[in-house]
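Trainee: I'm new to this one. Could you take me through a close look at a single part, the place where the ligand sits?

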Amino acid sequence: MLAITKAKGCTLTDEEGKTYIDGIASWYTCVYGHCNDYIIEKVYAQMQQLDQVVFSGFTHEPAVKLSEALIHILPNNQEKLFFSDNGSTAIEIGIKMALQYHFNKGENRKVLLAFEDAFHGDTFGAMSVSGLSVYNGPFEAYLLQVERIATPTKENIALILEKLAKRLQQNDIAGFVYEPLIQGAAAMQMHDAEGLNKILALLKQNDVITVADEVMTGFGKTGKYFASDYLDEKPDIICMSKALTAGLLPMAVTSCTQKVYNAFYSDEISKGLFHGHTYTANPLACTAALAGIELLQSDEIQDNIQRVIVSHQKFNKEIKDHPKVLTTRQTGTIFALDLNLKMERYGNLRDKLMQHFMDNGVFLRPLGNTIYISPPYVISERELQKIYDTIKSVLEIV
Ligand SMILES: Cc1ncc(COP(=O)(O)O)c(C=O)c1O
């Protein structure tokens, strides 16, 4: 266990004063750098004005301004927002929306669809649609009814669509929860937009509510604001957290289309979506998120994103043919390589890799034989080069 006492920009400092470059933006949150001065200033000002208030029967300026800013950058079919406070809960709300959408319309649809190696979080709904049994195995008996499909490739897409079309005839599938283009916890597995578009189109024809989990992919990581921006078929619901608040405070938002919203809009109280956490739409978190979105839209951050993308591409050329490297992949600012070795997800060899990175002042968290980088966009070329050089040096010790 390492005690971190300070973080600034892309640097973490431990209690002994040793520094580490944060190569994964502290689980994809601090994309504008740690303790970002612009965001801190805005939140500090907000602290003098309004810290916390019930978000039931009340509203406040930070939530309103954030809503306007978010709707502006989200795919343009997204019309309404539902606030909460972490990524798993954003998914939980997305699932409840999908199930209750059909319930409110008097339909008996109770099955959810998800990708095989998905990860959507640690609450029960999120665990249900996740496919990794190391996390959710002990709770299998208590999970929701979920059926799984493979992530699409050029080879399997025809079969996926054929099976799905048959399965949809039973008319009991309520929603499809998916990580668009990149499955983070499945070791940054990437799939292309073409197959996913076809799956989404088929599901939409059958009124299955599509729920994009953009908790990891949102806010610029893929090179666009959202991974869904690469797709022609826009989701009915989008779940956001992590970089939403730039790592300063926890918050989440689940957005939806007018169609979804309309299924809940009624004078009958039982048609409403009941889900309210104490810190829902906390004014300080909303302020951090708004400041983050302002940065995301700035030329400076957009240039940084492009610079990181190009640097990864150059690194890829250098490393992809190394005998210890099996495959490489990149979507936007996320780069991953698989080592040509069999390794357990959290086994000794994986720990050896991580220790080598830490000894060299680089914080990366390999997943099995996958080494991935998802740096803050503001990372300097020198810092990026240090990460690349440390990855190259790790290839010499495995
Ligand atoms: C794709 C995805 N969805 C959901 C979650 C859950 O988010 P949280 O840890 O904030 O509950 C994560 C967390 O890593 C994630 O990567």
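Mentor: Start with the residues around the ligand: N86, G87, S88, F119, H120, G121, E179, D213, V215, M216 and K242, each with a heavy atom within 4 Å of it. Keep in mind that this is a predicted model, where local features need pLDDT of at least 70, side-chain atom pairs count only at pLDDT 80 or more, and totals for chains, interfaces and linings use all residues. Numbering runs from 1 along each chain as its sequence is written, and side-chain values use heavy atoms, with hydrogens and water left out.

Sorted by class, that shell has three nonpolar, five polar and three charged residues. Here Ala, Val, Leu, Ile, Met, Phe, Trp, Tyr, Cys and Pro count as nonpolar, Asp, Glu, Lys and Arg as charged, and the others, Gly among them, as polar.

Now for the polar contacts, meaning pairs of N or O atoms within 3.5 Å; within protein, one must be able to donate a hydrogen and the other to accept it, and residues adjacent in sequence count only if both atoms are side-chain atoms. G87 uses its backbone: an N or O atom there lies 2.8 Å from an oxygen atom of the ligand. With K242 it's a polar side-chain atom, 3.0 Å from a ligand oxygen, and N86 also has a polar side-chain atom by a ligand oxygen, at 3.5 Å. As for cover, the ligand taken alone exposes 390 Å², and the protein buries 80% of that, with areas from the Shrake-Rupley method with a 1.4 Å probe; for residues, only the protein chains shown count as cover.
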